[in-house]
Amino acid sequence: MKSLEELRELRREVEEDMKNRSKEEKPEIIIGMGTCGISAGARETLKTVLDEIEKRDLDVAVTQTGCIGMCEKEPLLDVKLPDQSRITYGQLNPEDVQRIIVQHVINGEIVEELAVARLEE
Amino acid sequence: MMRELSLHILDIAQNSIRAGAENLDIRIEENCCENILLIKIGDDGRGIEKDSIEEVMDPFVTTRTTREVGLGLSLLQETAESSGGSLSIDSEPGEGTAVTARFKLDHLDRPPLGSLADTLISLIAVNPDLEITYRHQKDGDCFDFSTEEIKAELQGVDIQEPGILKWLEEYLRENIAEVRGLSHPVLNL
């Protein structure tokens, strides 16, 4: 069983880790958390994002938004890299999310076949 | 449709967040003797005017401006009523809102609670300033969790740090499974 003592240990490790982070603007991932998003699988999308960030040790900001009126395309996820257009991806399963993280968030290449909208900067 | 009651909780909590809540209180009571499952989500958001309480249960009413329907509460009401239960809303403008859903615990059409740990982590991961208290009671047993307590332990380290979230997820999963008397954390009935 996990104990709070373990959390204190972990806190010290994370503190060390944070000293090595860059102060530059981070990539941002935005999850649609309206009723439509949640019923279409937004919680799983978010969980996959969090798992990938943890597994690959990425420095990414994760935020949420409500319903944006594209309910039929949920679950939606947006990627906003610094100084680039915000790309919306739709109808995602966990494998799609992994792909977006590797191809777009890490390598900076838009996953065209999953993209449903682009918001120019 | 929501496959799990924990998804409804995540959805109703979004109403609280949009209502400007700083504190969210989630309570779950499983009472086998009385055959009742109770879910209560309370917040200190802006609240709802008395005249509007009935309206918010109507799927064709919302305070949103991007579209004309607000489905979350009416979906939960339908789920509660088809599981031999009911939904009620108590609210005071400026004070906050409490949504209470009751279900017959053993009703065949009651969806499973599902992954409460995933719902809590989803709320914490993207709302770092929201303080959440969670109490899960089953018959005599009780599990209490509070983000304020965790943040005190973290002494300024961000609760959104991936390693911290991962730890919290396992912590919640284990403790909720224990209070529910589930032999394996993956069983979520």
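Trainee: Where in chain A is A:Pro75 found?
Mentor: This is a predicted model, in which local features need pLDDT of at least 70, side-chain atom pairs count only at pLDDT 80 or more, and totals for chains, interfaces and linings use all residues. Residues are numbered from 1 along each chain as its sequence is written, while chains are lettered from A and ligands numbered from 1 in the order in which they are written. With strands taken as DSSP runs (E, at least two residues) and helices likewise (H or I, at least four), numbered from the N terminus, A:Pro75 lies in the loop between β2 (61-65) and β3 (77-80) of chain A.

Trainee: Which kind of peptide bond joins A:Glu74 and A:Pro75?
Mentor: The omega angle is the guide here, and its value is about -5 degrees.
Mentor: A:Gln91 sits in the loop between β4 (86-89) and α4 of chain A, and its phi is near 50 degrees, a positive value in a residue other than glycine. A residue is buried if 20 or more other C-beta atoms, placed from the backbone, lie within 10 Å of its own, exposed if 12 or fewer, and partly exposed in between. Because 14 other C-beta atoms lie within 10 Å, A:Gln91 is partly exposed.

Trainee: Is B:Asp139 buried or exposed?
Mentor: B:Asp139 belongs to the loop between β5 (131-138) and β6 (141-146) of chain B, and its phi, near 45 degrees, is also positive in a residue other than glycine. With 12 C-beta neighbours inside 10 Å, B:Asp139 counts as exposed.
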